[in-house]
Amino acid sequence: GEITLGLKGLSTVNGQPCALLDYDSGESSLRMVIKPMPEMEVTVAGTSHYWGDIYKDLDSGWIQKATLREVVIIETTLPVPPHTVNSVAERNILLRNVPEEEIVQ
């Protein structure tokens, strides 16, 4: 797919002024052929779409926070019954730059 990146505005994270950026992968296709043993082939085909936000510190350039959301839809074709297995995976990830004073030791 074609990844897009955009400026949504300004925000504050950890008391730091940040540029708020968004990204989006669009819909991407995937296809894998796996050979778990000789004479056996498993095909995996599907789509993936991920998007999220990045909070980039305007002073240091460090990423203060980032989010990722992804949906993956896959069809697996097997040479044995049930022959076709469909699956959907959803991911939600949050990354945070934790200030040193918040770290418990």
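Is T76 buried or exposed? T76 counts as buried because its relative accessibility is 17%, where buried means under 20% relative accessible area, exposed over 50% and partly exposed in between, with a 1.4 Å probe and protein chains only.

This is a predicted model, in which local features need pLDDT of at least 70 and side-chain atom pairs count only at pLDDT 80 or more, while totals for chains, interfaces and linings use all residues. Residues are numbered from 1 along each chain as its sequence is written, and side-chain values use heavy atoms, with hydrogens and water left out.

T76 belongs to strand β5 (residues 63-77); strands (E, at least two residues) are DSSP runs numbered from the N terminus. Beyond its neighbours within four places in sequence, T76 has contacts (heavy atoms within 4.5 Å) with V42, T43, V44, H83, T84 and V85.

I34 is part of strand β3 (residues 28-37).

One aromatic pair is found in the whole structure. The pair is tilted, because the ring centres of Y23 and Y50 are 6.4 Å apart and the planes are at 55°. Rings of Phe, Tyr and Trp (its six-membered ring) pair if their centres lie within 6.5 Å; planes under 30 degrees apart count as stacked, over 60 as edge-to-face and the rest as tilted.

| Residue | Relative accessibility | Class |
|---|---|---|
| Y23 | 14% | buried |
| Y50 | 26% | partly exposed |
| I34 | 38% | partly exposed |

Methods: Helix = DSSP H or I, 4+ residues; strand = E, 2+ residues; numbered from the N terminus.
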